[in-house]
Amino acid sequence: MSPFLLTRTLPEDATDAALRADVLQGLTRTPKVLPPKWFYDSRGSELFEEITRLPEYYPTRAEREILLARAPEIAAATEARTLVELGSGSSEKTRHLLDALTGLHSYVPVDVSESALTGAAESLLAEHPGLHVHALIADFTQGLALPGTPGPRLVAFLGGTIGNLLPAERASFLASVRGLLAPGDALLLGTDLVKDESVLVRAYDDTAGVTAAFNKNVLLVINRELGADFDPRDFDHVALWDAEHEWIEMRLRARRDLTAKVPELDLVVHFAAGEEVRTEVSAKFRQDRVRTELAGAGMELTHWWTDEEGRFALSLATAV
């Protein structure tokens with residue numbers, strides 16, 4: 001077996017088709033919405049990396065703290081021979097798990113970006129020459145078939161990304177993950193935790209304006225890919241805490257009455273002054289809620305780890 005295999009499960013034009021569908025549906029409904037995945041072109045990814053280094057943005061540091069402290073426990077609890085990472089990106093945080101999983105045979109990173117998968121695989125294979133990497137170009141929210149690799153398997157979904165899914169979407173996603181788990185397999189899930197509103201809002205509305213630029217980048221993606229004429233200066237970045245749903249919402253708020261054209265969709269979008277488009281939901285969790293949602297998908301929470309300040313959690317769950 002080659003140490004690196006790359007399998008495409010998405011059609012070549014899947015990203016373009018998905019963007020078209022999301023923009024058309026999201027900007028013609030009330031209230032307007034755009035999915036957060038469209039932040040992440042090359043510029044958006046650079047901005048997010050910058051966000052992770054901001055003093056206000058704690059989740060990345062908190063999760064890394066847990067991984068550094070608990071990776072040996074995770075390895076001992078799972079004895080995984082295959083690590084599957086959903087939304088792997090650069091696979092940066094995964095290195096802590098790879099170092100601890102001494103019996104690991106295969107790593108299966110899953111991402112929509114071929115360049116991210118290839119770049120990560122090259123660096124990982126240089127560090128772990130005995131590792132087999134089978135990368136999947138896939139959208140993990142659309143159902144997933146895993147390659148044949150040795151068990152037990154550990155499926156990792158890190159970064160608190162599950163918080164970007166609405167409750168019904170989370171239930172569907174967790175059920176699909178449960179379907180991937182054989183006896184002895186486990187899910188390692190990263191969740192940001194409920195905390196003081198001011199801490200949460202600052203994490204999504206930094207004083208340097210990096211998150212604002214990241215939020216507005218979705219407009220530049222639409223301009224470039226669909227020929228639109230959005231001017232980011234016409235919108236304010238907004239981050240709000242929704243106490244009822246226990247999530248942060250990021251929005252773009254029109255500064256004035258305006259009209260934007262999206263020629264590739266034959267679409268004209270009208271905004272009233274003050275009208276908003278929601279660009280991200282980031283749910284925050286409590287342990288009981290994580291346990292309940294896992295149980296609803298047929299999984300049992302077996303381990304729960306937080307950073308020292310109790311800001312972020314990694315949980316381990318197995319199929320029941």
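This is a predicted model: local features need pLDDT of at least 70, side-chain atom pairs count only at pLDDT 80 or more; totals for chains, interfaces and linings use all residues.
Strand 7, residues 186–192, is mostly covered, with 7 of its 7 residues buried. In a regular strand the side chains alternate between the two faces of the sheet. In strand 7, Ala186, Leu188, Gly190 and Asp192 point one way, while Leu187, Leu189 and Thr191 point the other way, and all of these residues are buried.

The pairing of strand 7 can be followed next. Strand 6, residues 153–157, runs parallel to strand 7 and is joined to strand 7 by 4 bridges, with leucine 154 standing opposite alanine 186.

A separate description covers an open sheet of 4 strands, which follow the order 2-12-9-8 with mixed pairing. Strand 2 (32–33) and strand 8 stand at the edges of this sheet, and because each has a single partner strand, one side of each is left without a neighbour in the sheet. Within the sheet, strand 9 and strand 12 (residues 276–283) run antiparallel and are joined by 7 bridges; isoleucine 248 stands opposite serine 282 in strand 12.

In soluble globular proteins, nonpolar side chains tend to be buried together. The largest nonpolar core in this model has 37 residues, of which Val23, Phe230, Phe235, Val262 and Phe271 touch the most other members. Among the elements that give two or more residues to this core are helix 1 (14–27), helix 2 (42–52), helix 7 (197–203), strand 8 (235–242), strand 9 (247–254), strand 10 (258–262) and strand 11 (267–271), whereas helix 8 gives the most, with 6 residues. Apart from this core lies another, of 29 residues, which includes Val110, Phe157, Ala283 and Leu294.

Phenylalanine 271 deserves a separate look. Leaving aside residues up to four places away in sequence, phenylalanine 271 touches Lys32, Phe230, Phe235, Ala254, Arg256, Asp257, Leu258 and Val277. One of these contacts involves a charge over a ring: lysine 32 lies over the face of phenylalanine 271, at 4.8 Å from the ring centre.

In one of them, phenylalanine 39 and tyrosine 40 have ring centres 6.3 Å apart and planes at 70°, so the pair is edge-to-face. Phenylalanine 39 is buried, with a relative accessible area of 0%, whereas tyrosine 40 is partly exposed, at 38%. In another pair, the rings of phenylalanine 140 and phenylalanine 157 have their centres 5.1 Å apart and their planes at 70°, so this pair is edge-to-face as well. The pair links distant parts of the chain, 17 residues apart, since phenylalanine 140 is in the loop between strand 5 (132–137) and strand 6 while phenylalanine 157 is in strand 6; both phenylalanine 140 and phenylalanine 157 are buried. Phe39 and Tyr40, for their part, form one aromatic cluster together with Phe48, Tyr57, Tyr204 and Phe214.

Technical notes: Residues are numbered from 1 along each chain as its sequence is written. Side-chain values use heavy atoms; hydrogens and water are left out. Buried means under 20% relative accessible area, exposed over 50%, partly exposed in between (1.4 Å probe, protein chains only). Two strands pair if DSSP finds at least two bridges between them. Rings of Phe, Tyr and Trp (its six-membered ring) pair if their centres lie within 6.5 Å; planes under 30 degrees apart count as stacked, over 60 as edge-to-face and the rest as tilted. A charge sits over a ring if NZ of Lys or CZ of Arg is within 6 Å of the ring centre and within 35 degrees of the ring normal. A nonpolar core is a set of buried Ala, Val, Leu, Ile, Met, Phe, Trp, Tyr and Cys residues joined through side-chain atoms within 4.5 Å. Contact means heavy atoms within 4.5 Å.
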